[in-house]
Amino acid sequence: MFFDLDQFKMANDTLGHMKGDELLKEVITEIGASIREIDTIARFGGDEFMIFFPDIATNEAENAIKRIRTLFKTIGKRHGLPLDISFGLVQYTLGDNLSSLLHKADALMYQEKVKKRSLLPQ
């Protein structure tokens, strides 16, 4: 799973970069506590992250996404920020490698971001 913290620039602009960095650490700590011990969370860059869910059914991974999204919105409310998160979830299939999985997950995450933007009032 690839995910990105939507509109995180607003958090940095509102709280300042030092507090924004603390917020990132808080988010990742809480997400890390909400996933299985076997799962691995890693920062890809900026406000983009990956979670590897080995040996998990798709519906269980989708449930993890719902939990993480709710957790992130709760953290945003604690800080007075309307934060959201975009995901790209892919499953390994024969012939995939790390690069192809990242590319697919990133594309799905970006599609979710574009869909959310299209729903915003103009």
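**Group meeting: a walk through a predicted model**

Hi everyone. With 122 residues, a compact globule would have a radius of gyration near 14 Å, and our protein comes out at 15 Å, which agrees. That radius is taken over C-alpha atoms, and the globule rule is 2.2 Å times the number of residues to the power 0.38.

Before going on, a word on the ground rules. This is a predicted model, where local features need pLDDT of at least 70 and side-chain atom pairs count only at pLDDT 80 or more, while totals for chains, interfaces and linings use all residues. Residues are numbered from 1 along each chain as its sequence is written, and side-chain values use heavy atoms, with hydrogens and water left out.

Now the fold. The protein has 4 helices and 4 strands, and along the sequence they run β-α-α-β-β-α-β-α. Here helices (H or I, at least four residues) and strands (E, at least two) are DSSP runs, numbered from the N terminus. Along the principal axes, the C-alpha atoms fill a box of roughly 45 × 35 × 25 Å.

What share of the residues is buried? It is 35% of the 122, with buried meaning under 20% relative accessible area, exposed over 50%, and partly exposed in between (1.4 Å probe, protein chains only). As for contacts, meaning heavy atoms within 4.5 Å, residues 24 or more positions apart account for 58% of those with a separation of 6 or more.

You will find Asp47 in the loop between β2 (40–45) and β3 (48–52). Leaving aside residues up to four places away in sequence, Asp47 touches Phe3, Asp4, Leu5, Phe8 and Leu24.

Let me finish with two backbone details. Gln7, in the loop between β1 (2–6) and α1 (8–15), has a phi near 55°, a positive value in a residue other than glycine. Asp55 also has a positive phi, near 50°, and lies in the loop between β3 and α3 (58–78). Is Asp55 buried or exposed? Its relative accessibility is 73%, so Asp55 counts as exposed.

Thanks, everyone!
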